[in-house]
Amino acid sequence: MVATDSAERETCDGDNAKPMKICIVAQTFAPQEEGGAEIVARMCAAELSRFHDVIILSLGLEGDEIAPPGETVNSDGIRVLRVNWHNSYLPGPRKPAVGKLAKFVWHLRSALGATSAEEVKALLLREKVDLVYAHNSARMQPAIFEATSALKIPLCLHLHDYAFLCPKSSMFRSSGNCEKPCVECRILTARIKSSQGEGVTAISVSDALRQRFLKNGVFPKADWHVLLNANRSEALFNAPLIGRREGRSEIFTFGYLGALAEEKGIEDLIRSFLKLSSDEPRTLLIAGRGREDYERHLKSLAADASIRFLGFVAPEEIYKVADAVVVPSRWHEPQSLILMEAATYGVPVIGTERGGTPEILRDLGTGWCYDPDKETALASVMERALAIGRENWWKQRDTHFPGIEGFEGTSEVSGYYNKLNDILSAAKMRSAAGQANVDLHRK
């Protein structure tokens, strides 16, 4: 099933769905550093808590100042319970710099199961949980599968990346994309994807991600849904920028925001920008951060006054001035939040013909796609934008990008939380019906 129908109401319809005790699983959770999946998990927790009793299940490490095991209450008033992570350091974007041997041992421990199924089961029993709704949970497997299966608690997996196929979660190496998991990845993910998906509800952020999982035999028996990342409410956007229709910079401005990493294609963007031959004045703003050595490499490559590195800034700092945002990902990115945010703000996007990106840019008419394997493709698309010119760019925006006007990018317009609530409620009902049938046969 693909969740694409529109909804008129703004939030979860509490009148049509029986309140549940929902345990939202996120292996890392605020105040730890957040990526896209962690942001979605936090927002879903806040919204669902308006109609259900919600707790967060995450990982904790003894001695860690930010995320020790135990219970806290977050800024939304939701309880966060962290179970022990039996490994040397926590997963997440800011892992410590360690040698190859230490990294291998860490991955091996994770693969064998560094989360205790018994500890998770005890927590779910104690909290009387009705449904487990897991976001970035690969590092907590197979404990989540084992505990929910043993207790007959319905499990819903919200899938944001390829972590069930690849420990790096990207299926990308320096040599390029992996169409199938390599031997190493198959070994390290064997236990965490041991479930065939019987009784599991799977939500994918794009159809491309869903297809990649199914082609590789992951959760073939699950009940699949596709739910685009239109999860942010209007209150979380910079309201004056929503649907803007005019340029706000003196020269044509390309913008990039996100991690400064090889798979993100940032190096391709810099090289392409430096090759532009148009007479139209332009600049490139780069927001984000990465490994120190890679950042130094990028800055040496971009020794040009027209390229500015802004560091870590609020996304609105790019959206308010960019004439076009570039998402040059070389990996098959399932669905970048930037695709939804930029269109909501009225800004066209230039992105690769990879992963879930075309499902937004091409299919919904909010941007242009290019093939990153063609050396001059990105520069050609950027030249095409410059040929239109900054003034005409905004006058002709709806001609070139007809999907931006009225784009359903906010949770209110897209009905995101209604759709999510319907999926979770249906998962609970299916589980109850299935258990009733089992009990009936036993009698």
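Residues are numbered from 1 along each chain as its sequence is written, and side-chain values use heavy atoms, without hydrogens and water. In this predicted model, local features need pLDDT of at least 70 and side-chain atom pairs count only at pLDDT 80 or more, while totals for chains, interfaces and linings use all residues.

Helix 2 covers residues 100-113; helices are DSSP runs (H or I, at least four residues) and strands likewise (E, at least two), numbered from the N terminus. Leu112 counts as exposed because its relative accessibility is 54%, where exposed means over 50%, buried under 20% and partly exposed in between (1.4 Å probe, protein chains only). Patch residues have over 30% relative accessible area and no salt bridge, with nonpolar side chains joined within 5 Å and like charges within 9 Å; a salt bridge places a side-chain nitrogen of Lys or Arg within 4 Å of a carboxyl oxygen of Asp or Glu.

Lys103 is also found in helix 2. Together with Lys95, Lys100 and Lys168, Lys103 forms a patch of positive charge on the surface. Lys103 is partly exposed because its relative accessible area is 42%.

Strand 14 spans residues 324-327, with Ala324 and Val326 pointing one way, Val325 and Val327 the other, and all of them buried. In a regular strand the side chains alternate between the two faces of the sheet. Strand 14 runs parallel to strand 11 (residues 252-257), joined by two bridges; strands pair if DSSP finds at least two bridges between them. Gly255 stands opposite Val325. Strand 15 (residues 349-352) is joined to strand 14 by three bridges, also in parallel, and Gly351 is the bridge partner of Val327.

How values were computed: Accessible areas come from the Shrake-Rupley method with a 1.4 Å probe; for residues, only the protein chains shown count as cover. Lys and Arg count as positive and Asp and Glu as negative; His and the chain ends are not counted. The place of a charge is taken as NZ of Lys, CZ of Arg, CG of Asp or CD of Glu.
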